[in-house]
Amino acid sequence: MQFLKLILRNALRHKLRTALTVLGLVVAILSFGLLQTVVGAWYAGADSAAPTRLVTRNAISLVFPLPISYREKIRAVDGVRAVSYANWFAGVYQDPKNFFPQFAVEPRTYFDMYPDYRVPPDEFAAFLRDRKGAVIGRKLANTHNLKVGDVMPLRGTIFPGTWEFTVRAIYDGAEAKTDTSQMFFHWEYLNESVKKRSRNRADQIGIYLVDVVDADRAAEVSHAIDALFKNSLAETLTETERAFQIGFVKQTEALVVAIRLVSYVVIVIILAVMANTMAMTARERLAEYATLKVLGFSPAYVAALILGESIAIAAIGAAIGIALTFPVGDWFAAQVGTLFPVFEVSGKTVALQIACALGVGVLAAIVPGRRAATVKIVDGLRAIG
Amino acid sequence: MNAADTSAEPLIRIRNLVKSYRRGGQVVPVLTDITLDVRTGDFLGLMGPSGSGKSTLLNLIAGIDKPDSGELLFDGVDITRLTERELADWRAGTVGFIFQFYNLMPVLTAFENVELPLTLTRLSRRERHEHVEAALALVGLSDRKEHYPSELSGGQQQRVAIARAIITDPRLIVADEPTGDLDRHSAEEVLKLMDQLSTDLGKTIVMVTHDRRAADRAHAIMYLDKGELSTADDMHERSIR
């Protein structure tokens, strides 16, 4: 009891110094949490990918399409349960900064394949009935204040012209990490319009989504699909949806690595600040620690006092920093809109924040703790705080 | 007590004690061939000029420093051979310390400071509190037990330190300039208390002091100069010569 009392009272002894150190820790833990969440958001697509879903695209590049005729051939491959397809639309809603993903899809098979997108049945039925209808995610609807029945005009970039869609359904995510910033509409509508404008671009598919019977057979099925179109005009590359998503992340990997690195640099900086604080503290109290040893307390007890104080300060900073990460994360997500489809402070991030704070607390106490424990009593008693 | 009493087994028996320090590669002798006996219940005053080695001798007697050579027996146990851990336990149970600058924990109240050494014992919380109350009553600070050291005068802080020194009922009390930081009135109170510890409680006390008035409270005074110990008579002889 006396031990804890000493730790807590010592921690609060120099209120300004402790407050400034805690402030530094709060900023560091908060920054670390946000940066880790940004990194997590980058990988959100890959993390939500189902192991049974494959993506088949043109082997040369994603920008080259595949013929619609591949659909039946892929469906016939052993181990394939269902096939759907999608085209990246890349339209602009009002302003280019209002970026969100838009896909022209075959709705029935697509939404069957993504049960995480929860669409109210009546709204989905209305969407199926309306050729110009669209399904949008809850986050997208909230960001642009859209509701069922609203008209969404998009300016096409890959497919030029103005495209008008009517919001027929709003989907929610099965989990908090489900991406609800997307828009889906009928591939048929896109194809018919393209046919009228540029016939040679019609009946083309951006990617096929393949649902396999058994995740363990994903590699085998991928090879079988690609073998099917070997030496054709449009060879395919089939990979798991996760690998496909990570392929996108890889394009910006340097940035992700930099962000991750900065998050740890922040921790190293606060470690230096904390170590300095603890070193000053222990130096000032050398005579007190020597007195404790004179009274019969062991060197380990003295070191534990410093370690405890360091951890206590780190814990206070971490607790406030972690508590602030959630509202600040929400604010940040609102500011960036749909740039990050999923921006959620994960349990793993909180665990990392706790681990970093604990690491800072322990490491900062090592040198002063060792010194206070090993200094000769007579030298300690002579020390002037 | 004397430089080497052969009549009865002393509580502290020091023979040919040598201690030196290293300063910038040089060996500086502090104590040379000290021989001294202190019997149970003695109140010994150690005087001498600054740098004479009196605090060093006190530290050796109290087991917070180790000699280069020589013998230092406490109740028959050679404490120079104890390990650091054994010495810490020995100090906790045997020695009470009074420092010039009180050395109280500033974040603990007077009560908590006095209780501190008892947390190393197996006493229950209730027993500890009873002991602390008694010790604070003895030094006349029962009404100040919830005060922090910064809220007490120098004299009161030293009385808290005395209560802390006696709380474990040690056989030996060492005091290093206990009145060195006090005004005359407070010093007198502290010396009275030490007198009481010696006379009423039979504590063995070794006190280092510069203050002649403080030393006069001791039953015997020894002088340390240039690392050598002498009695008042020796000093007198030397001054005649």
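How many helices and strands are there in chain A? There are 15 helices and twelve strands in chain A, where helices (H or I, at least four residues) and strands (E, at least two) are DSSP runs numbered from the N terminus. This is a predicted model, in which local features need pLDDT of at least 70, side-chain atom pairs count only at pLDDT 80 or more, and totals for chains, interfaces and linings use all residues. Residues are numbered from 1 along each chain as its sequence is written, while chains are lettered from A and ligands numbered from 1 in the order in which they are written.

The radius of gyration of chain A is 29 Å, whereas a compact globule of 385 residues would have one near 21 Å; the radius is taken over C-alpha atoms, and the globule rule is 2.2 Å times the number of residues to the power 0.38. Along the principal axes, the C-alpha atoms of chain A fill a box of roughly 95 × 45 × 30 Å. Of the 385 residues in chain A, 41% are buried (20 or more other C-beta atoms within 10 Å of the residue's own; exposed means 12 or fewer, partly exposed in between; C-beta atoms are placed from the backbone). Among contacts in chain A with a separation of 6 or more, 81% join residues 24 or more positions apart, a contact being two residues whose C-beta atoms, placed from the backbone, lie within 7 Å.

Strand 11 (residues 207–212) of chain A has five of its six residues buried, so it is largely enclosed by the rest of the structure. Strand 1 (residues 53–58) of chain A pairs with strand 11 of chain A in the antiparallel sense over four bridges; two strands pair if DSSP finds at least two bridges between them. In this pairing Arg53(A) has Asp211(A) as its bridge partner in strand 11 of chain A. Strand 3 (residues 80–88) of chain A also pairs with strand 11 of chain A in the antiparallel sense, over six bridges, and here Ala86(A) is partnered by Ile207(A).

Strand 3 of chain A pairs with strand 4 of chain A as well, antiparallel over three bridges, with Asn87(A) opposite Ala104(A). Both faces of strand 4 (residues 102–105) of chain A are covered: Gln102(A) and Ala104(A) are buried on one side, Phe103(A) and Val105(A) on the other. Strand 4 of chain A is paired in the parallel sense over four bridges with strand 9 (residues 183–186) of chain A, where Met183(A) is the bridge partner of Gln102(A).

Next comes the contact between the chains. Chain A puts 16 residues into the contact and chain B 17 residues. Helix 12 of chain A gives the most to the side of chain A that touches chain B, with five residues.

In chain B, an open sheet of six strands has the order 6-7-8-3-9-10, with mixed pairing. Strand 6 (95–98) and strand 10 (228–231) of chain B stand at the edges with a single partner strand each, so one side of each is left without a neighbour in the sheet. Strand 6 of chain B pairs with strand 7 (residues 172–176) of chain B in the parallel sense over four bridges, and Val95(B) stands opposite Leu172(B).
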